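I went from overall counts to individual side chains and wrote down what I looked up.

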Amino acid sequence: MTDIETYEQQLDGEKPAKGGELISSETTSLARPSELLPGVLHVLPLANRPFFPAQMAPLVLEQDPWLRTIEAAAESSQKFLGLVLVSTDNLSAAQPSDFHSMGTACRIHKIHTLEDKMQVYVEGLQRFRIEEWVSKERPFVVRAQYFPETSYKDVTELKAYTVAVINTIKELLPLNPLYAEELKFFLNRFSPEEPARLADFAASLTTSSKEELQDVLETTHILDRLGKVLLLLKNEVEVAKVQMRIHKQVEESIQSRQREFFLREQMKAIQKELGIAKDDRTAELDRFRARLKDVKLPEEAQQRIDDELQKMSVLEVGSPEYGVTRNYLDWLTLLPWGKYSEDNLDLEHAREVLDRDHEGLDDVKERIIEFLGVGVMRGEVAGSILLLVGPPGVGKTSIGRSVAATLGREFYRFSLGGMRDEAEIKGHRRTYIGAMPGKFIQALKQVAVANPVIMLDEIDKIGDSYRGDPASALLEVLDPEQNRDFLDHYLDVRFNLSKVLFMSTANQLDTIPVPLLDRMEIIRLGGYIASEKIEIARKHLVPRQLKRAGLKRGQLKIAKSALREIIEGYAREAGVRNLEKRIGAIARKAVVKILNGAKLPINVGAKNVVDYLGRRVFRKQKPLTGVGVVTGLAWTPLGGVTLDVEATRVHERGSGFNLTGQLGNVMKESARIAHSYILANCKAYGAPADYFDDAYIHLHVPAGATPKDGPSAGITMATALLSLARREKIARPFAMTGELTLTGQVLAVGGIREKVIAARRAGTMELVLPEENHGDFEELPEHIREDIEVHFVRQYKEVVPIIFPGSERKSSR
């Protein structure tokens, strides 16, 4: 019979001990009373890991829930206590159902109370299983069944496991010094030849999970237990090796950095002794002085920099004031004092750049050429602030870039839209944490010259708040007489901005403060007509969108007819921004087709634009016609539009006048003036004199969801009322604009370019305009005026024979 067979027979004959039996199964000697284990045990729950028979350690417990349990166990003669792992992490809420079935019977050695906690020193004695719950309320009491360990001799397989466990523990010792202390404590109490105690001790050494450790505790078969413990130890060795490797890597990195630090410090000390190195403060001071070499500073700036350099030389490097002074000197020495780029004043070159970058806008280009021509005569371009006003997407910002390229100057752009803090313009005072100069000083630092082109975008959308009024702060910047001594709050030193060419953009002038507007020279940009948009798309927009989509010219071809269809059906606004978006959408859909294997090239014509962009946004609509219906022209921040005005007689039960169409106050006044004028001159213009006596008149301007205002629809509304009174519709398509007075005078209006473009876009080629706007019309480019017939009028009596041919003014009031 082999050793292991003998061992298995012994295990088969091993029976659990009942309460009151010996701790050890060796029965060759009498047992002392203190070695008897009680049949009934008070039990405590453990949350993190089980307690093993080979352990001796302190437990820290809350006094409130467990004081009675400890006192009851300590008052017994043997001071025995059961420790059992529970499945919940909240020990105070543990219930009998949370307890595992097996734990460790322990003896209490010492109790310490620490405020609301207590420390209990316990020694693990023997495994036990909960047979029955005697008390299911705190203090918990159970009836226990014990599992005493048996001593075995000369069992070969058991020795092999024991040696394997001991060797694995030896592997752990050099990896963690704490293992050596634990092993020393164990050897003082037990012999390494006791396999059961060794297995429990080895399990308690590991950082395994509480479930794995509980599994070891519940394993009473010694060989199975040793096998499980050996696996846990092997895993612990691997974890310890990884930890040691990480620790060594971190330590080596730290040592390397420390070594480098010490070497640098030694090198600095050696260089300082040899006179070839300087400390940080001296190096900073020398760097600032080097920047100012060959720079001619104003006397005020030179004095301020000298004072600050002197202050910095005596300040401690670690003081807060040192950092403030260093940053201040950094800004002062980086500014382009007296550094100017040379202007290219070749007008032919200017024309080439403007024509290359922009299609159309001939009047705007000519105005810029005139501006540059004055600079040629003076020898420099300075002193003027240009304001480009026009609808979105007409190229205001890009014109600023082209002007900078024409002159060969640096270009800097920032948006004023929504700016509410004066400090954005004039800087913060240095007393504030995180103080910085204003945008203009930041721009000069970035471009490194004192005569760049600075573009102030969206100047009409600047705001104000309790932090100050940025528009008022701009007054000093944009005044040629003041900006030569511009004072930034952060610098507190005057800087000459008179050589800077300022350009700004706006969609409208109404929201720009008058004092600020007075300092700028206005250049108006109207919208583009269809032919201009087509050329812009062909030369600029289509190539740019093909590049963004990663397409080559031969892969996607958009016909001229397709571009016209996009312009008329999807992008009728004054600018070309929406047109570019539509072309981009076509390019993206073409990319998908190509990736799906479509045949190249992909051709887009007028008929299949709808396949790429969906149904038309703008349908072809004929102008409204009929009695009391007249087409007017209006200006909006987005460009010119045609506006139909309708008038009708609702009933004859009493006179009245109703206005609808979300009209503004000015437009309502124009409507009432038109009503009063026609009412007073009905008979003179061929309408029944009593037509309005008992008539309730309703005048409506369609597109009621769109707000409308302004005086330019006066003659349009008067003509609609006269058409209603004469019961005669307008003979041919007309569009008109002009302010009407009570005496019949037709006054000038603004936005002639935008209004003419809107009429051309709508296909209305016969217009009625105020005589005072004759010059504005003549200034329009020839391609906009082409084929348009215009009637200029000074008084409304001149409008009637144009609109109603054959009619004669019978009398005049």
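**Entry 1. A charged pair, K461 and E458**

I note at the outset that the model is predicted. I began with K461, which is partly exposed at a relative accessible area of 37%. K461 forms a salt bridge with E458, and the closest N and O atoms are 2.8 Å apart. E458 is also partly exposed, with a relative accessible area of 26%.

**Entry 2. Overall counts**

I then stepped back to the whole protein. I found 27 helices and 24 strands. Of the 813 residues, 45% count as buried. The protein exposes about 41500 Å², and carbon and sulfur atoms supply 49% of that area. I also looked at contacts with a separation of 6 or more: residues 24 or more positions apart account for 74% of them.

**Entry 3. Salt bridges**

How many salt bridges does a search of the whole structure find? I got 35. Side chains of opposite charge can pair when their charged atoms come close.

I picked R127 and D200, whose side chains meet in a salt bridge at 2.6 Å, N to O. R127 lies in strand β5 (residues 117-135) and D200 in helix α5 (residues 195-205), so this pair ties together parts that are 73 residues apart in sequence. Are R127 and D200 buried or exposed? R127 is buried at a relative accessible area of 1%, and D200 is buried at 1%. I counted them as buried because the cut-off is under 20% relative accessible area. I also noted that R127 and D200 belong to a network of salt bridges that includes E149 and R225.

My other pick was R785 with E778, whose side chains meet in a salt bridge at 3.7 Å, N to O. R785 is buried, with a relative accessible area of 19%. E778 is partly exposed, with a relative accessible area of 41%.

**Entry 4. Nonpolar cores**

In soluble globular proteins, nonpolar side chains tend to be buried together. I looked up the largest nonpolar core here and found 56 residues in it. Which of its residues touch the most other members? They are I459, L474 and L478. I listed the contacts of I459, leaving out residues up to four places away in sequence; among them are L387, L416, L474, L478, I512, L516 and M520. The list for I459 also includes S504, T505 and A506. Apart from this core lies another, of 50 residues, including L372, L407, V542 and I602.

V242, I246, V250 and I254 make a nonpolar surface patch of about 310 Å². V242 lies in helix α7 (residues 222-274). I have V242 as partly exposed, with a relative accessible area of 36%.

**Entry 5. Q63**

Q63 has its place in helix α2 (residues 63-75). Q63 counts as buried, at 17% relative accessibility. Which backbone oxygen does the side chain of Q63 reach? It is that of K117, at 3.0 Å. Not counting residues up to four places away in sequence, Q63 touches T113, L114, E115, D116, K117 and M118.

**Entry 6. Helix α24 and what follows**

I found helix α24 (residues 752-762) mostly covered, with eight of its eleven residues buried. The buried residues are I752, R753, E754, K755, V756, I757, A758 and A759. Just after α24, G763 takes a positive phi of about 85°.

From there I moved to E766, which lies in strand β23 (residues 766-770). E766 is buried, with a relative accessible area of 9%. The side chains of E766 and R732 are joined by a polar contact of 2.8 Å. Besides R732, E766 touches P733, F734, A735, E789 and H791, again not counting residues up to four places away in sequence.

Conventions
Residues numbered from 1 in each chain as written. Predicted model: local features only at pLDDT ≥ 70, side-chain atom pairs only at ≥ 80, totals over all residues. Heavy atoms only, no water. Helix = DSSP H or I, 4+ residues; strand = E, 2+ residues; numbered from the N terminus. Buried < 20%, exposed > 50% of the residue type's maximum accessible area, 1.4 Å probe, protein only. Polar contact = N/O pair within 3.5 Å; in protein donor to acceptor, adjacent residues only side chain to side chain. Contact = heavy atoms within 4.5 Å. Patch = residues over 30% accessible without salt bridge, like charges linked within 9 Å, V, L, I, M, F, W, Y side chains within 5 Å. Areas by Shrake-Rupley, 256 points an atom, 1.4 Å probe, with all protein chains shown as cover. Salt bridge = Lys/Arg side-chain N within 4 Å of Asp/Glu carboxyl O. Core = buried A, V, L, I, M, F, W, Y, C linked by side-chain atoms within 4.5 Å.
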